[in-house]
Amino acid sequence: MKSSTRQKIGSIALVVENYDDAIEFYTRKLQFTLIEDTPLGNGKRWVLVSPPGATETNLLLAQAASPEQLNAVGNQTGGRVFLFLQTDDFWRDYQQMKANDILFIEEPRIEAYGTVVVFQDLYGNKWDLLQLH
């Protein structure tokens with residue numbers, strides 16, 4: 001008899017320049033929840049943020065600790081969209097993000113799969129705001 005396996009992605013590490021600036025951006029501008037901010041010693045912290053209502057995956061904000069990590073800040077995917085923020089109300093969230101001065105790099109568009117727009121975080125990482133049909 002085969003046992004049932006259940007896995008999930010618990011966290012995705014996002015390299016940032018500064019913990020506090022990143023926390024400020026994600027919690028104030030994107031309305032994410034600060035799940036945890038635990039000091040680990042030597043200036044390192046375990047910082048988790050999550051979109052409102054999310055129950056599975058969190059972002060682990062990881063402050064760059066070397067020159068090569070610092071070079072990756074804002075470009076962890078070579079300029080491609082990195083993360084996909086799915087919503088149950090695209091226009092509500094789009095308007096709220098505009099009011100919070102989020103930088104959109106295009107106009108919203110309707111695709112076969114849903115309504116989408118690309119925005120950037122404080123470091124220039126590209127995200128999709130997406131409501132699936």
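This report covers the pockets, one arginine and the nonpolar core of a predicted model.

## Basis

Residues are numbered from 1 along each chain as its sequence is written, and side-chain values use heavy atoms, without hydrogens or water. In this predicted model, local features need pLDDT of at least 70 and side-chain atom pairs pLDDT 80 or more, while totals for chains, interfaces and linings use all residues.

## Largest pocket

The largest pocket has a volume of about 580 Å³. A pocket is an open set of points on a 1 Å grid over the protein atoms alone, where a 1.4 Å probe fits, with protein on both sides within 12 Å along at least five of seven lines. Its volume is the space filled by probe spheres set on the points.

The lining numbers 26 residues; a lining residue has an atom within 4 Å of a point. Phe32, Pro51, Pro52, Leu85 and Gln86 lie nearest the centre. Strand 4 (58-63), strand 5 (81-86) and helix 3 (90-99) each give two or more residues. Helices (H or I, at least four residues) and strands (E, at least two) are DSSP runs, numbered from the N terminus. Strand 5 provides the largest share, 5 residues. By class, the lining has 13 nonpolar, 8 polar and 5 charged residues. Here Ala, Val, Leu, Ile, Met, Phe, Trp, Tyr, Cys and Pro are nonpolar, Asp, Glu, Lys and Arg charged, and the others, Gly among them, polar.

## Second pocket and Arg45

The second largest pocket holds about 210 Å³. Its lining has 13 residues, with Tyr19, Lys44, Arg45, Ala62 and Gln63 closest to the centre. Strand 3 (44-50) and strand 4 each supply at least two. Strand 4 gives the largest share, 4 residues.

Arg45 sits in strand 3. Its side chain makes a polar contact with the side chain of Asp20 at 2.9 Å (N or O atoms within 3.5 Å, one able to donate a hydrogen and the other to accept it; residues adjacent in sequence count only if both atoms are side-chain atoms). Beyond four places in sequence, Arg45 contacts (heavy atoms within 4.5 Å) include Tyr19, Ile23, Asp37 and Leu40.

## Nonpolar core

The largest nonpolar core has 29 residues. Such a core joins buried Ala, Val, Leu, Ile, Met, Phe, Trp, Tyr and Cys residues through side-chain atoms within 4.5 Å; buried means under 20% relative accessible area (1.4 Å probe, protein chains only). Tyr26, Leu59, Leu61 and Phe119 have the most contacts inside this core. Helix 1 (19-29) is among the contributing elements, with the largest share, 5 residues.

Beyond four places in sequence, Phe119 touches residues including Leu30, Leu85, Met97, Phe104 and Trp127.

Key: Buried < 20%, exposed > 50% of the residue type's maximum accessible area, 1.4 Å probe, protein only.
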